[in-house]
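Here is a briefing on a predicted model, for reading beside the coordinates.

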Amino acid sequence: MERFIKMNEIVVAKSPYLIRTVVGSCIALCIWDGCCRIGGMGHIMLPESNGDSEAPPGKYADIAVKKLVSIMVDEGSLLKRMQATCIGGASMFQNHQNAFESIGSKNYRTVKEELKNFGIPIVTEAVGGILGRRVEMNCANGAITISMLLKPG
Amino acid sequence: MTVVKEKKVSSKSEQIKLEKSLTHLFVVSFNQAANAFSQLLMREMVISRYSIEMMTGEQFINQLENKMEDGYFASIIKLQNDVDTTILFLLPEEEGKRLYNILNDKELKAEFPSIEDLSDSIGELNNILGSNFTNCLANTLNHTIHNSVPANTLDLLGAILESVVLQREFVNKSIFCAEADISDKKCSTFTVKLIILSDKTQLMGILSQS
């Protein structure tokens, strides 16, 4: 079974699910618990919610990390077994960089801080650059595949 | 340079009148773009579909959900100073290669020039089409408007679109999204998407002054 994760969405799935998304400036946060073979992915758009309580759960990094962790715990995961992977935060369109740069890096910084608060280690990261990334997580074994349309120059 | 100040749009009738003016502006600029495209390619290019809607950035992205993983050439131009507007030109990867061949009068070949050359050719088209919109808007407002040089890329559509809506000007705002498909009238060699994203409140306010 496969599922594409849209912007601002969070999905938690058990083996044998494949979950995937495409990110540019957003962050795809993947969390994996290898013991119970549960994987979660959030497609996070912005760093801070600033009181926007009606936003979708995956929209803001400060809420999305908590929500993703909480759903995984509800499904039987333990915090101490969770491992995170962060992908995205690119600055697309190089000569308009100033307009795009800050949100991608702020997203990443906020995700890192929230994960640190939970004590969840980031085991892999592919962040920054100027290219978008396709991310696929196999919930059978936790394998994460990252691909790009072009090779990074 | 004169700075156009925004004015609050008061009555509902005034709002409707302004929305009609905006729709007219977009339709005229799309038609001018199609004409410029026809002249450039020496073949008849027509608007095969257009829509003008107000939406959020998420809605804008989700309408193209099934194409998120496809490769697209993209070029963006930003209008500067008074009007927060982005002109986005999109073309599927394979169709972009066909367009490049038409522009350069070449037969379809397996080998292509560098991605940078392809992107620059397509960005130049956006420059021409985008200039039509800028001129239309400038004439309507009787005001000088400057635009940026095109920023070009070839990437996954999902990544392109989210980077566009994550611009400071559009995050968490209602945006006007005017979108047109411009196609070759005789055969479906390629269809380009020309999308104009604009801060609705700001654009209506400026238009109400003109």
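In chain A, strand β4 (residues 27–33) and strand β6 (residues 82–88) pair in the antiparallel sense over seven bridges. Two strands pair if DSSP finds at least two bridges between them. A:Cys30 stands opposite A:Thr85 in β6(A). The model is predicted: local features need pLDDT of at least 70, side-chain atom pairs count only at pLDDT 80 or more, and totals for chains, interfaces and linings use all residues. Residues are numbered from 1 along each chain as its sequence is written, chains are lettered from A and ligands numbered from 1 in the order in which they are written, and side-chain values use heavy atoms, leaving out hydrogens and water.

**Sheet of chain A**
- Five strands make an open sheet of chain A, ordered β2-β5-β4-β6-β7, with mixed pairing.
- β2 (10–14) and β7 (122–127) of chain A are the edge strands, each with a single partner, so one side of each has no neighbour in the sheet.
- Neighbouring strands of this sheet are turned by 15 degrees against each other on average, direction ignored.
- Helices (H or I, at least four residues) and strands (E, at least two) are DSSP runs, numbered from the N terminus.

**A:Arg37**
- A:Arg37 lies in the loop between β4 and β5 (38–44) of chain A.
- A:Arg37 is partly exposed, at a relative accessible area of 41%.
- Buried means under 20% relative accessible area, exposed over 50%, and partly exposed in between (1.4 Å probe, protein chains only).
- The C-alpha atoms of A:Arg37 and A:Ser15 are 6.1 Å apart, although 22 residues separate the two along the chain.
- Leaving aside residues up to four places away in sequence, A:Arg37 touches residues including A:Ser15, A:Trp32 and A:Cys139. Contact means heavy atoms within 4.5 Å.

**Strand β3 of chain B**
- Seven of the eight residues of β3(B) are buried, so the rest of the structure largely encloses this strand.
- β2(B) and β3(B) run antiparallel, joined by eight bridges. Here B:Lys78 stands opposite B:Thr86 in β3(B).
- β3(B) and β7(B) also run antiparallel, joined by six bridges. Here B:Leu90 stands opposite B:Lys193 in β7(B).

**Helix packing in chain B**
- In helix α3 (residues 93–103) of chain B, the buried residues include B:Gly96, B:Leu99 and B:Tyr100.
- Cover for the buried residues of α3(B) includes α1, β2 (71–80), β3 (85–92), α4 (115–141) and β7 (191–199) of chain B.
- α3(B) and α4(B) pack at about 75 degrees, with axes 10 Å apart. That makes α3(B) roughly perpendicular to α4(B).
- Angles under 35 degrees count as roughly parallel, over 145 as roughly antiparallel, 65 to 115 as roughly perpendicular and the rest as oblique.
- The axes of helix α1 (residues 12–41) and helix α6 (residues 200–209) of chain B come within 10 Å and cross at roughly 95 degrees. That makes α1(B) roughly perpendicular to α6(B).
- Axes are lines fitted to C-alpha atoms, for helices over the stretch in contact, and angles run from 0 to 180 degrees between N-to-C directions.

**Confidence**
- The predictor gives the complex an ipTM of 0.89 and a pTM of 0.86.
- Chain B averages a pLDDT (the predictor's confidence in each residue, from 0 to 100) of 78, and 88% of its residues score at least 70.
- Residues 1–7 of chain B stay under 50 in pLDDT.
- Where pLDDT is low, the predicted coordinates should not be read in detail.
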